Amino acid sequence: MSIIFIFRYLFKGNITCYRSSAVRRGLHLKACQPRPAMNNITDIHYGPLPADSPYVKPFRFHYTQNGKQKSWDLLKVHDSVSIVIFNITRKKLVFVKQFRPAVYHGIISGDGVEPGSIDMKKYPPELAVTMELCAGIIDKPISTIEIAREEVLEECGYDIPVERIEEIIRYRSGVGTSGAEQTLFYAEVTDEDKIASAGGGVDDEIIDVVEYDLEEARKLTDKGTVITSPPSFLFGLLWFLTNRAPKN
């Protein structure tokens with residue numbers, strides 16, 4: 001049986017303003033309201049994956065290779081974009097942090113822990129807060145670069161035109177399970193591009209924006225580093241440090 005992780009979020013935290021949706025040069029803003037706390041998570045349990053899930057569709061792939069019948073269990077997921085963002089005003093890389101249920105599940109299941117017996121002091125939600133590039137799925141009929149522009153605004157709060165976003169490379173992620181395509185973009189932003197009421201995600205997303213200077217970012221790639229980040233984050237970071245980082 002396919003399963004999903006179900007979490008209950010309790011909205012507690014600092015007061016802030018954040019946006020429910022955005023369109024280019026015409027933002028629709030929510031009134032100021034309590035900012036949800038990322039790590040306030042309770043009531044963890046498993047449930048069956050609905051057949052009409054808009055995000056994940058499991059299936060079995062059958063084929064014949066060299067006369068031998070084989071099969072492979074796969075997941076149909078959306079293609080996606082990710083964006084390396086560099087603030088040239090303050091020479092800072094802009095990343096995002098968010099709680100990832102898949103990472104939390106990987107941690108507790110690796111220790112043989114099941115829902116209902118989780119010691120939240122031993123396994124606090126912070127263990128599954130990842131640092132990532134700004135990113136998002138391709139779930140609407142617009143160009144990938146327009147998707148990237150929307151994600152830069154929605155997650156990080158910078159409003160820039162597509163002309164300032166550069167496509168770098170396309171590659172396949174999850175090659176053992178989904179083979180989805182991800183497109184990496186690069187964008188330079190300034191403090192003047194920042195929309196005070198934007199960023200942090202939309203709807204029920206809870207995203208923190210963090211900034212790293214070049215020295216801090218380089219340390220993330222040091223030998224022996226253990227980091228809760230996906231390979232796409234490290235790839236994008238290394239690409240930037242190799243190809244676009246200021247030399248002085």
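Helices (H or I, at least four residues) and strands (E, at least two) are DSSP runs here, numbered from the N terminus. Thr 144 is found in one of them, helix H2 (residues 144–156). The model is predicted, so to speak of local features takes pLDDT of at least 70, side-chain atom pairs count only at pLDDT 80 or more, and totals for chains, interfaces and linings use all residues. Residues are numbered from 1 along each chain as its sequence is written, and side-chain values use heavy atoms, with hydrogens and water left out.

**Helix H4 and the cores**

- Helix H4 (residues 231–243) has 13 residues and reaches 18 Å from first C-alpha to last, close to the 18 Å expected at 1.5 Å a residue, where the expected span is 1.5 Å times one less than the number of residues.
- Its buried residues (under 20% relative accessible area; exposed is over 50%, partly exposed in between, with a 1.4 Å probe and protein chains only) are Ser 232, Phe 233, Gly 236, Leu 237, Trp 239, Phe 240 and Leu 241.
- The cover over those buried H4 residues includes strand S9 (80–87), strand S10 (92–99) and helix H3 (214–219).
- A nonpolar core is a set of buried Ala, Val, Leu, Ile, Met, Phe, Trp, Tyr and Cys residues joined through side-chain atoms within 4.5 Å. The largest one has 19 residues, and Val 84, Leu 93, Phe 95, Phe 233, Leu 237 and Phe 240 touch the most other members.
- H4 gives the most to this core, with 5 residues.
- A second, separate core of 17 residues includes Ile 147, Tyr 158, Phe 185 and Ile 207.

**Two residues up close**

- Thr 144 is buried, at 18% relative accessible area. Setting aside residues up to four places away in sequence, Thr 144 touches Val 81, Ile 138, Arg 170 and Phe 185, with contact meaning heavy atoms within 4.5 Å.
- Ile 169 sits in strand S13 (residues 165–173) and counts as partly exposed at 34%. Its C-alpha is separated by 9.9 Å from that of Gly 236, 67 residues apart along the chain.

**Salt bridges**

- The structure holds 13 salt bridges, each a side-chain nitrogen of Lys or Arg within 4 Å of a carboxyl oxygen of Asp or Glu.
- Arg 60 and Asp 73 pair up at 2.6 Å, N to O. Arg 60 lies in strand S7 (residues 57–65) and Asp 73 in strand S8 (residues 68–76), so the pair ties together parts 13 residues apart in sequence.
- Glu 166 bridges to Arg 244, with the closest N and O atoms 2.9 Å apart. This pair links distant parts of the chain, 78 residues apart: Glu 166 is in S13, Arg 244 in the segment after H4.
- Glu 167, Arg 170, Arg 172 and Glu 181 are linked in a salt-bridge network.
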